[in-house]
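Keep the viewer open as you read.

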Amino acid sequence: MKKTLLILLSMLSVSALFAGCMGKDSPNTLTVLNYGKYIEPKVLDMFEDETGIKVEYEEYITPENMYTKYKAGAIDYDLICTSDYMIEKLINEGEVLEMNYDNIPLVKNLDQTYFDFSRSFDEKNKYTLPYFFGTVGILYNKEMIDESKVDSWDILWDEAYAGKIIMADSVRDSFMVAQKRLGYSLNTTDDEKLREAQKLLIAQKPLIYSYLVDEAQDEMIAENAAMAVVYSGEAGLALEYNDKLAFSVPKEGSNMWIDCWFMPKSAKHKENAEKFLNFLCREDIASLNFDYVYYATPNTKVKDSLDPELQKNPTIFPPKEVLDNCEVLKSLDDEATMRYNLYWKEIKSAD
Amino acid sequence: MRKSIERIYLFIIFLFLYLPIMVLIVLSFNNSKAKVVWGGFTLRWYRELFTNRAILEAFSTTIFVSLASALLATLLGTLAALGIDAMKKSGRAIMLGATNIPLLNADIVTGISMMLLFVRFTRLGLSTVLIAHITFNIPYVILNVLPKLKQSSRTTYEAALDLGATPLYAFYKITWPQILPGVLSGFLMAMTMSLDDFSVTYFTKGAGINTLSTMIYTEMRKGIRPEMYALSTILFLIALILLLFINFRPAARKEAQD
Amino acid sequence: MRNLKRQLLAGPYILWMAGFILLPTVMILYYAFTTTSGNFSLLNISSIAFSVHLKSLVLSLQLAFICTVICLVLSYPVAMILNNIKSKSQGLLVFIFILPMWMNFMLRILAWRMLLSNNGVINSLLGTLGLPGLDILNTPKAVVFCMVYDFLPFMILPIYNAMARIQPDIIEAAKDLGAGRITVFFKIILPLTMSGVISGIIMVFVPALTSFAISDLLGGGKVLLIGNVIEQAFMQEYNWNLGSGLSVVLMVFVIASMALMNSHGDGEGGSFT
């Protein structure tokens, strides 16, 4: 008797809760979409505590993944951080709102050079706010490989390292490696060249330990593999944990990328988004964030406060001659994107 | 001879089942982040676990979703079972057939089809996860309650009505006690399924909403997080204690003997 | 009249079903048979014949089959031994073999990753014993391993339940009539546990066939199952029509395999009750 009453009561209370959460129209929130491991979690807590704005934080793995999440339209994102070519695609599709930099006063902390970089996809610097930038290269274990060979992408096809190579699990990054090795542009849509790159990647597959994005760093620290194609910042952080590791950007050239924040058309909380961006530009926050993410930060105050040795660290802050040898990814049309996706899938399912 | 072979075999399977769990438990006290080598004893990962808002939130979301979805599914499912039980054979067959769809369908297909629906008509959030969980939970309740209803004695119920009891009173006094075990086991099964679900939640969750399964999935795709080992240890202990309690309380013993 | 009123109790559930089972199924079918611009097309369904998709479907079927067979072979003796233990500890023992089911599914995968990685626990142990390492992480083998681990209790439980229902008198009677142990097994125990075996097979085969998380986390991006292809169509390629088309194909395979199993199970084997 008592038990049934209890059950009925709890059922009622839960239905009430249910109804409550259905009707919840969150006024003071901010929905953010960002790469994995791309913000110090404490920064989010601090922002919530300081402003009372609840951050609904969501992560994705590859830019293609982000594009799908956004385009699905199932979630109204207020602020998204992603890479150059994907922002370009979204700007071209008219999905990006202009940013009012007057509401983000601390933008003055950011180095103008990076706004110049982002001109390649945001011509008039109207839409985006630079977050971090870097290159793609090979993170390797000095004791497991012949260091003299690591200046070329060729080493990723060296059978001596079969089962010890980690490749990027992202269409454009993987194709970039093959394209650069063949001496092609990483934005080629020429079918023959693409097929050639695909063939190369299929030939490489038996040597691959795994295709990874964010996990590559830990696998390298744990010495589960000899080398991995990673973003420069990932390498920078890995070096701190395991001093047998080193990083190299091959001589054939690589990809230089810049990740920026933008407000998509779906943004419902623009003011909160601006507050968040301003918060991220604040020196103490940016510095905390830099320590966690470890990519080249455009924040001059943070960079100046760093140990001079760290400022010159070529892994984190790629030197000019490396950058000059790098190419930026451009957005491709739908047809070319489909081909890239299909060819990539064929690589992944190859034996 | 045969006995010892049996014992050894059981022991090997036991090792297969528990070795991975033991490894997680040991690693949760290991003071070394990346490598699987012993770096000394530490409680650091437990401290970090309890200060990590994302994990704590995922934990409470999981509890809320599984409890709420199991309760609502139990309510809807029990009512449905009562209705189905009163139906003619053909109606019952159709209802049971439809009930089996989410039970037999692949998780991924259930999740995707629900996502397609939600995306078209609303926004993804916590409520969509809850609706999805209720949907795949209801069949477990129905399938647990129906057999009990079949066993329950119809004549006693009708006799009560003849003696002037209202249907509600007769139900409460006669049918309800007989189906209660079925309702409870349906509830427990629904909760278990909801706790363990990954695919359906993965496709129907909104921004910033994570159950433990989806949270661990995203964390695993980012690399090694020893807090996850600490979490495993705690979850294992919770499961152990709860199940010991449910299975070995005196009432359950009695039930099992019936 | 009273009966009709009682039937109405199923009303909320029928509404719920219409909204959240029927409608989603219609949605997925709609997407499966249209192009992005909304025109009717069979392309999404027929794309299963693309070598990429076909390969992943065949691989999924293979792995699911292997996993189911291993689970069955491992579980049957376990269920039998557990059933034969006629002491107070039986309940506890059964409990021990079912408990891992209540550990979070993801954490069970995590455990195997730690065990199997190049410098993982198993390889460290083998190394100290001077044995060669086991390089199976990021291969289909690791995926099967973890599937077996994840789904084993789902096989043990129904078989054990079926076995526990066998009346000891029947076996006694057979023995009295001169049946040997082997005859008893093949003529009585096996047929009477068939329904449990079939439930078990379905409960293992279907999730193994359609899983994408295990291959994602233990396959190192090299094991592309049909579940992964579908997940990627939805989460990476923004091609919902293709994803829906492949889901429908997968659904057909699931239903077909279940129908096949049920036809062997005297019509009542497939139920979970």
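A residue counts as buried under 20% relative accessible area, as exposed over 50%, and as partly exposed in between. With a relative accessibility of 25%, A:Lys244 is therefore partly exposed. Bear in mind that what you are looking at is a predicted model.

A:Lys244 sits in the loop between α9 (232-241) and β9 of chain A, and A:Glu223 in the loop between α8 (216-221) and β8 of chain A, so the pair ties together parts that are 21 residues apart in sequence. A:Glu223 has a relative accessibility of 17%, so this residue counts as buried.

Which strands pair with β5(A)? Strand β10 (residues 254-264) runs antiparallel to β5(A) and is joined to it by seven bridges; within this pairing, A:Phe132 has A:Asp259 as its bridge partner. Strand β8 (residues 227-231) is also antiparallel, with five bridges, and there A:Leu139 stands opposite A:Ala228. Strand β9 (residues 245-248) pairs in the antiparallel sense over four bridges, with A:Ser248 as the partner of A:Ile138. As a reminder for reading such pairings, side chains in a regular strand alternate between the two faces of the sheet.

A:Glu327 forms a salt bridge with A:Lys180, the closest N and O atoms being 2.8 Å apart. Because A:Glu327 lies in strand β11 (residues 326-327) and A:Lys180 in helix α6 (residues 171-182), the pair ties together parts that are 147 residues apart in sequence. A:Lys180 counts as buried, at 10% relative accessibility. Over all chains, the structure holds 42 salt bridges.

A:Asp45, A:Glu48, A:Asp49, A:Lys54, B:Arg53 and B:Glu57 are linked in a network of salt bridges. Elsewhere, the side chains of C:Arg6 and B:Asp85 meet at 3.4 Å, N to O, in a salt bridge. C:Arg6 belongs to helix α1 (residues 2-7) of chain C and B:Asp85 to helix α3 (residues 53-85) of chain B, so this pair joins two chains. C:Arg6 is buried at 15% relative accessible area, and B:Asp85 is buried at 11%.

Staying in chain B, turn to helix α4 (residues 89-104). Its 16 residues should span 22 Å at 1.5 Å a residue, which agrees with the 22 Å between its end C-alpha atoms. Buried residues of α4(B) are B:Met95, B:Ala98, B:Thr99, B:Pro102 and B:Leu103. They cover an arc of only 155° around the axis, which puts them on the same side of α4(B). B:Lys89, B:Ser90, B:Ala93 and B:Ile94, on the other side, are exposed. An α-helix has 3.6 residues a turn, so residues three or four places apart point the same way.

Finally, chain C has 13 helices and zero strands, and 55% of its 273 residues count as buried. On the surface, C:Phe65, C:Ile66, C:Val69, C:Ile70 and C:Val73 form a nonpolar patch with about 420 Å² of accessible area together. One of them, C:Ile66, is found in helix α4 (residues 51-84) of chain C and is partly exposed, at 38% relative accessible area.

Notes:
Residues numbered from 1 in each chain as written. Chains lettered and ligands numbered in written order. Predicted model: local features only at pLDDT ≥ 70, side-chain atom pairs only at ≥ 80, totals over all residues. Heavy atoms only, no water. Patch = residues over 30% accessible without salt bridge, like charges linked within 9 Å, V, L, I, M, F, W, Y side chains within 5 Å. Areas by Shrake-Rupley, 256 points an atom, 1.4 Å probe, with all protein chains shown as cover. Salt bridge = Lys/Arg side-chain N within 4 Å of Asp/Glu carboxyl O. Buried < 20%, exposed > 50% of the residue type's maximum accessible area, 1.4 Å probe, protein only. Pairing = 2+ DSSP bridges. Expected span 1.5 Å × (residues − 1). Arc of directions from axis to C-beta.
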